[in-house]
Amino acid sequence: MMKLNCKNLLFFLGWVWSIAGYAQNPLITHRFSADPTARVMNDTLFVFPSSDTTCTQIKGNNGFCMPDYHVYSTTDLTTWKDHGEILSHNTVPWVEENSYGMWAPDCIEKDGKYYFYFPAMPKDGSAFRRIGVAVADTPTGPYTPENSYIEGIEGIDPNVFIDDDGSIFLYFGGGENLFYVELNQDMKTIKTKPKKVEGLPSKYKEGPFVFKRKAKYYFTFPHAPGPAEEISYAVGDSPRGPFEYKGKVLEHWKDGCWTNHHSFVEYKGEWLLFYHHMDISGNKHRRSMCADRIYFDEDGNIPEIKATQRGIAALTANNAIQLDRYSVLENATVTKTNAAIPNWIVKRISEKTQLEINEINFENNKWDHLALFVSSQEKATIEVLANNKKLSVVEVPKMKEGEWRLVKAPLLFSPEGMVDLSFQFSGNTEFLALDWMQCLTRKQVLLSKSYDIDLFNAANQKILFQANQGNIYSEKEFTQLKPHILSTSLVQGEMHINSEHAVHLDGVKKGDVVSFSSDKSRKMYDAFVGIEAANYSDQEGVMVESCKLGGKNVGYIENGDYLMFNNLLFPHSPKKVTIGIASPNKGGIVEIRKEKIDGEVVASFNIDQTGGWQNWSSITSDITTQLVEDEKIYVVFKGDKGFLMNIKDVRFE
């Protein structure tokens with residue numbers, strides 16, 4: 001095997017590094033970005049969101065710590081550029097330093113200037129939030145803030161709309177009522193006193209965003225008539241109102257994210273809704289911006305849509321297709337993994353599962369086979385359809401628990417142009433999980449690895465991978481690369497070629513798929529010492545969060561959720577079990593069951609309120625049955641609607 005010279009090394013590392021990232025929902029993963037306002041400027045789509053950070057300095061208002069603003073842009077709805085910070089709480093003269101209160105902004109162009117509007121906490125303490133403006137010559141700045149806020153108004157969530165006759169409106173507010181003023185042509189001073197927006201439904205509202213389409217004015221807003229904010233809209237004949245309430249466009253979140261904040265924009269003939277969710281963090285105070293397409297019916301109404309993981313990105317078959325970023329998913333779930341880089345997988349798969357990913361461009365390439373990055377403890381079969389025509393049949397082999405590998409299958413034909421993919425499942429799918437899929441030509445070699453191991457080339461330098469996908473090479477390039485794991489690595493691995501175990505790479509040829517998976521054994525816990533709930537083997541419906549006592553706890557627990565522990569050792573059968581619980585509620589039930597979710601009950605707990613989500617109590621129950629050395633344990637949660645409790649640990653005695 002030849003050694004790589006420096007020129008070849010730079011080629012390989014640089015080529016891998018330059019693979020484009022395909023941004024599905026959430027659009028930005030390297031930092032938290034909420035309250036996105038999307039604007040088309042100079043044929044480019046810009047998004048101006050707020051920025052969430054972890055509260056370490058202060059508690060923040062309502063738990064939100066928001067120090068600054070960045071601006072992002074795209075021309076293809078797929079790749080996004082971060083243009084960096086344009087304003088912060090410490091760069092505006094009238095804003096209180098280190099106040100972490102830079103909430104939802106807006107930006108608009110007028111006469112070649114770009115006006116950025118934002119709410120912030122004033123130094124003079126004259127209001128909860130004042131609204132200011134900063135001005136730039138380009139959408140990306142630099143922005144120069146005015147020395148003081150806009151006199152005559154106070155509140156949050158500014159939105160500016162310029163009508164066809166040149167009239168300028170500033171909408172703002174949060175609460176039972178929303179308001180507007182007309183601005184002077186200088187864009188910095190008010191022309192009228194604040195007026196209430198008429199015609200809106202009752203209950204909490206905020207984040208107004210106004211746009212015009214076919215002589216109709218759409219007044220859109222987050223609205224909380226129930227447990228969280230939904231995106232709603234009303235329509236009128238004037239930007240001054242009154243408006244007629246039409247209903248919701250996007251339903252409220254059901255996972256603990258109370259807020260949503262949005263904007264609508266038309267770009268290249270398509271209408272898009274930008275919004276936020278807590279996809280990456282699982283924390284309602286650290287949100288990420290997303291987007292989906294919307295449509296108008298013949299009467300100009302906006303039919304309600306469902307938030308998708310598929311989003312608005314342009315997908316091509318020669319890039320990894322994230323199967324968890326679906327267009328349609330029924331009778332299965334998406335779970336975030338514990339990888340360092342945000343990643344999600346599809347699991348809870350059955351023969352009833354409906355999985356679809358739409359609008360993938362196969363172009364005019366001659367596709368020969370596909371590879372799936374999958375995990376399964378039993379054999380299963382996946383049939384892939386392209387526009388409802390059978391494209392390939394993937395036979396998934398039995399693997400070790402927690403193992404991931406590439407499985408290859410031939411294509412029955414080579415699709416062209418835009419294609420909708422769908423998947424059908426059979427066999428033992430109980431432990432089947434899907435990550436991503438890649439289509440290949442017969443000349444390509446695909447290399448992948450588990451997230452927890454590193455691969456190195458012939459010169460013992462790390463091979464760079466785009467997050468959560470593989471790398472494509474020609475046969476010659478792969479031969480020169482010689483991927484391997486360093487002997488000094490803390491995590492070793494096993495190699496598979498075309499999903500078959502292999503010990504060397506000498507036989508790799510074009511058309512092959514090669515994967516390295518971790519061979520480290522799962523960590524086992526002594527049931528009598530106890531286990532943190534966050535160290536579960538599997539789960540349904542819950543989220544992990546930081547615990548006031550240190551470490552992690554499991555929260556956002558609802559009726560029917562569960563934890564599964566397949567990593568407990570019982571030296572002998574226990575007599576009692578203790579759990580750490582926190583809850584402001586009364587009436588939840590925790591059941592310990594063995595072997596399966598509806599298996600024999602080992603113990604049961606009636607949960608009383610402890611005084612809060614992080615006020616912890618330990619409760620103990622007798623065990624009513626025998627447990628063997630490697631028993632599989634389910635912790636099942638039951639109760640009324642809403643979040644029931646947090647759980648910290650489980651200990652047998």
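This is a predicted model: local features need pLDDT of at least 70, side-chain atom pairs count only at pLDDT 80 or more; totals for chains, interfaces and linings use all residues.

Reader: How many residues does the largest nonpolar core have?

Author: First the idea. In soluble globular proteins, nonpolar side chains tend to be buried together. A nonpolar core is a set of buried Ala, Val, Leu, Ile, Met, Phe, Trp, Tyr and Cys residues joined through side-chain atoms within 4.5 Å. Buried means under 20% relative accessible area, exposed over 50%, and partly exposed in between (1.4 Å probe, protein chains only). Here the largest core has 36 residues. I382, V394, L421, F423 and L434 have the most contacts inside it.

Reader: Which elements give two or more residues to this core?

Author: Strands are DSSP runs of E, at least two residues, numbered from the N terminus. The contributors are β26 (354–361), β27 (369–375), β28 (380–386), β29 (389–396), β30 (405–410), β31 (418–427) and β32 (433–440). Apart from this core lies another, of 30 residues, with L568, F605, V635 and L644 among them.

Reader: What does I382 touch?

Author: Contact means heavy atoms within 4.5 Å. Leaving out residues up to four places away in sequence, I382 touches L372, S392, V393, V394, V396, F423, Q424, F425, L432 and L434.

Reader: How many aromatic pairs are there?

Author: Rings of Phe, Tyr and Trp (its six-membered ring) pair if their centres lie within 6.5 Å; planes under 30 degrees apart count as stacked, over 60 as edge-to-face and the rest as tilted. This structure holds 35 such pairs. Take F161 and Y217: their centres are 5.9 Å apart and their planes at 85 degrees, so the pair is edge-to-face. F161 lies in strand β9 (residues 159–162) and Y217 in strand β15 (residues 216–224), so the pair ties together parts 56 residues apart in sequence. F161 is buried at 8% relative accessible area, and Y217 is buried at 6%.

Reader: Why does the pair of F373 and W404 count as stacked?

Author: The ring centres of F373 and W404 are 5.7 Å apart and the planes at 25 degrees, so the pair is stacked. F373 lies in strand β27 and W404 in the loop between β29 and β30, so the pair ties together parts 31 residues apart in sequence. F373 and W404 are both buried.

Reader: Which rings does R129 lie over?

Author: A charge sits over a ring if NZ of Lys or CZ of Arg is within 6 Å of the ring centre and within 35 degrees of the ring normal. R129 lies over the face of W103, 4.0 Å from the ring centre. The charged end of R129 also sits over the ring of F128, 4.5 Å from its centre.

Terms used
Residues are numbered from 1 along each chain as its sequence is written. Side-chain values use heavy atoms; hydrogens and water are left out. Helices (H or I, at least four residues) and strands (E, at least two) are DSSP runs, numbered from the N terminus.
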